[in-house]
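Visitor: I am new to reading protein structures. Could you walk me through a few features, step by step?

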Amino acid sequence: LMDKSKLQLYPVEDQFRGTIRHLDYHRVYSTITLILFFFSFAVLGWIWEVSLHFYQTGQFVNRGVLCGPWLPIYGVGGVTIIVLFHKLADHPVTVFFSSMVLCSIIEYVTSWYLEYTQGVRWWDYSGYVLNLNGRICLEGAIVFGLGGLAGIYILGPLLDNVYRKVCVHIKVLVCFILVIFFTMDLLYSNEHPNVGEGITEASGETNIETDVLL
């Protein structure tokens, strides 16, 4: 007779193997999926920033430069990592350090661009260890590295599994609507950036600095 413990273990093992296959990170993503990734990561980033600020201060504040519930720096970083480092998925250490470098560059350029075009800085890491001009720091880079791992090995496959259950025509329509609203937000916020208490703080005569991410 077969051991009862093995009879109970086999279904669990099969379920575990199914879950691993379900999160296959070697898959190739379509353009529509990448667009949905961008907005998904941007919204998740907004939720993270808003929740963190609420936890620290007890105040609900729409973080970031734009008016909508999205932080494009998260979307750009997440999609870029998946596109560029997809083929490195069998080397997680490489993915980690590559994500650190790539996202730090994106964050630095974004900080410089906003200050150059708006005369405003939305975050400042001057008090952090190993920071560069207050625009990036080691702590943030490590978080980016961990985020890159999560994006490639967990979030990417999980979200793609959800997207695949939706009709293609509906996904195209959703992407079209999101792009329209996002473009409108970009155009409006370029002239009227989101600033104020909990978003930016006065610092000097021309610059406003805080730690919020775009």
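Guide: Gladly! Leaving aside its neighbours within four places in sequence, Trp46 is in contact with Phe60, Asn62, Arg63, Gly68, Pro69, Trp70 and Leu71. Keep in mind that this is a predicted model.

Visitor: Where does Trp46 sit?

Guide: Look for helix H2, which covers residues 31–57; Trp46 belongs to it.

Visitor: Is Trp46 buried or exposed?

Guide: The idea is to compare the relative accessible area with a cut-off: under 20% counts as buried. Trp46 has a relative accessible area of 14%, so it is buried.

Visitor: How many residues lie between Trp46 and Tyr74 in sequence, and how far apart are they in space?

Guide: Sequence and space are two separate ways to look at a pair. Trp46 and Tyr74 are 28 residues apart in sequence, and their C-alpha atoms are 8.4 Å apart in space.

Visitor: What span should H2 have, given its 27 residues?

Guide: Counting 1.5 Å a residue, H2 should span 39 Å. The C-alpha atoms at its ends are 39 Å apart, so the model agrees with the expectation.

Visitor: Now for pairs of helices. What describes two packed helices?

Guide: Two things do: the angle between their axes and the distance between those axes. Take helix H3 (residues 72–85) and helix H4 (residues 92–118): their axes come within 10 Å and cross at roughly 140°. An angle over 145 degrees would count as roughly antiparallel, so H3 and H4 are classed as oblique to each other. The crossing of H3 past H4 is right-handed.

Visitor: Which residues of H3 and H4 meet?

Guide: From H3 come Ile73, Val76, Gly77, Thr80, Ile81, Leu84 and Phe85; from H4 come Val95, Ser98, Ser99, Leu102, Cys103, Ile106, Glu107 and Thr110. Sorted by class, this contact has nine nonpolar, five polar and one charged residue.

Visitor: How do H4 and helix H5 pack?

Guide: H5 covers residues 138–163, its axis is 7 Å from that of H4, and the angle is about 125°. This pair is therefore oblique, and the crossing of H4 and H5 is right-handed. On the H4 side the contact includes Pro92, Phe96 and Met100, and on the H5 side it includes Leu138, Gly145 and Tyr153. By class, the contact of H4 with H5 has 13 nonpolar, four polar and one charged residues.

Conventions:
Residues numbered from 1 in each chain as written. Predicted model: local features only at pLDDT ≥ 70, side-chain atom pairs only at ≥ 80, totals over all residues. Heavy atoms only, no water. Helix = DSSP H or I, 4+ residues; strand = E, 2+ residues; numbered from the N terminus. Buried < 20%, exposed > 50% of the residue type's maximum accessible area, 1.4 Å probe, protein only. Contact = heavy atoms within 4.5 Å. Expected span 1.5 Å × (residues − 1). Axes fitted to C-alpha atoms, helices over the stretch in contact; angles between N-to-C directions. Parallel < 35°, antiparallel > 145°, perpendicular 65-115°, else oblique. Left-handed = near helix turned anticlockwise from the far one by under 90°. Nonpolar A, V, L, I, M, F, W, Y, C, P; charged D, E, K, R; others polar.
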